[in-house]
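Hello,

Here is the structure I promised to pass on to you.

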Number of protein chains: 2
Amino acid sequence: MKREKKPSTAVVPCPVVLLSVKGPERPNIITLSWVANVCSKSPTVVVGIRPERHSHAMVKEAGEFVLNIPSTSQFEASVFAGTRSGKDHDKFAECNLTPSKATKVDAPMIEECPISIECRTKEIHSLGAHDLFVAEVLAVHIDDSLLDEHGRFDAAKASLFTYLPLSAEYWALGEQME
Amino acid sequence: MKREKKPSTAVVPCPVVLLSVKGPERPNIITLSWVANVCSKSPTVVVGIRPERHSHAMVKEAGEFVLNIPSTSQFEASVFAGTRSGKDHDKFAECNLTPSKATKVDAPMIEECPISIECRTKEIHSLGAHDLFVAEVLAVHIDDSLLDEHGRFDAAKASLFTYLPLSAEYWALGEQME
């Protein structure tokens, strides 16, 4: 038996990404959960960002960004980067994260995150509280330690986590379902 | 040290939803992972669907659908509904799922899924292999057994799972991160 609740963002579980982008003074990192793969060819992602956030103008201006997928080792950095403004904080420095050069876009990748996805914005749609950035994936970088002998992603080594907006909680992944 | 791979849909982990929609002959269910919350006000979701899929025309025609979040109890049904066509299968019947009446849209909710999200399409954008449906959330229904005494969602009772497109695997959620 279900109870009806008011409309909300109730899709769960959600990815957690650290979006990195270049800026006029220094690069910035913003933690986001309103993110998805939406098209397989050309590989396309969407990202929802509030116009009030410091990174919104940087992402819009740059037209390029990197989505870095954190492991549980970057959990504290993910929370920090999602709750502080890049206006007041050098998040790379304060989170002890290392910028590394991307190959297709002019935005830093985050060395410590096991997966980095280079993206270029194709469209921006205003939805209300958030703008929707539709972006093409130009390259994917995966940490060598997560690839098996055939170069395939080994999820068991990745230690991923997820966000549940319904309870504002982060949960680690458990066991593979068979 | 990371290795560069070709562009792909690499955002992980992803939600798994059973989209239910009315149809000319019978309602249908399609399992999708190209789904996200993208705007908090008005609450908005996006869904990527390939035009070749049987449900694409049904979702486009109806203009309304329900996103049902499965628990691990609906894992087998989720895989079935994601790999068979509604043209050849009555998925409600074959998956032993029960349609129940939604309150805001003309599409069945799936009784067995712990969360059902009623949605109305606002925009459709062609992205290539997939079309992007942008839809407003009109109501959220949550199973009573997952709500605590204050009516708040208790994730520990939900037994959610997630999809990892990089390895085409489903993983159950483990422990809450603190």
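First, some housekeeping. This is a predicted model, in which local features need pLDDT of at least 70 and side-chain atom pairs count only at pLDDT 80 or more, while totals for chains, interfaces and linings use all residues. Residues are numbered from 1 along each chain as its sequence is written, and chains are lettered from A and ligands numbered from 1 in the order in which they are written.

**How the chains meet**

In the interface, 70 residues of chain A are in contact with 70 residues of chain B (contact means that the C-beta atoms, placed from the backbone, lie within 7 Å). Elements giving two or more residues to chain A's side include β1 (2-5), β9 (115-126), β10 (131-143) and β12 (169-176); helices (H or I, at least four residues) and strands (E, at least two) are DSSP runs, numbered from the N terminus. By class, that side of chain A has 43 nonpolar, 17 polar and ten charged residues. Here Ala, Val, Leu, Ile, Met, Phe, Trp, Tyr, Cys and Pro count as nonpolar, Asp, Glu, Lys and Arg as charged, and the others, Gly among them, as polar.

Chain A can be laid on chain B with an RMSD of 0.0 Å by a turn of 180° and a shift of 0.0 Å along the axis (superposed by least squares on the C-alpha atoms of residues with pLDDT of at least 70 in both copies). That is the relation of a two-fold axis. The residue of chain A that comes closest to this rotation axis is A:G174, with its C-alpha at 1.8 Å. Since 100% of chain A's interface residues are also interface residues in chain B, the copies meet through the same surface.

Strands pair across the interface too (pairing takes at least two DSSP bridges). β12(A) and β12(B) run antiparallel, joined by three bridges, and A:L173 stands opposite B:L173. β10(A) also pairs with β1(B), antiparallel over four bridges, with A:V140 opposite B:K5.

**Inside chain A**

β10(A) has ten of its 13 residues buried (buried means 20 or more other C-beta atoms within 10 Å of the residue's own, with C-beta atoms placed from the backbone). Within its own chain, β10(A) is joined antiparallel to β5(A) by six bridges and to β9(A) by eleven. The hairpin of β9(A) and β10(A) has four residues between the strands, and A:G128 takes a positive phi near 130° there.

What about β2(A), residues 17-21? Five of its five residues are buried, so the strand is largely enclosed by the rest of the structure. A:V17, A:L19 and A:V21 point one way, and A:L18 and A:S20 the other. β2(A) pairs antiparallel with β3(A) over five bridges, with six residues between them in a hairpin, and three bridges join β2(A) to β6(A), also antiparallel.

β2 and β3 are among the elements that cover the buried residues of α2(A). Those buried residues are A:A77, A:S78 and A:A81. They fall within an arc of 100° seen down the axis of α2(A), so they line one face of the helix (the arc is that of the directions from the helix axis to the C-beta atoms).

Happy browsing!

Key. Two residues are in contact if their C-beta atoms, placed from the backbone, lie within 7 Å. A residue is buried if 20 or more other C-beta atoms lie within 10 Å of its own, exposed if 12 or fewer, and partly exposed in between; C-beta atoms are placed from the backbone.
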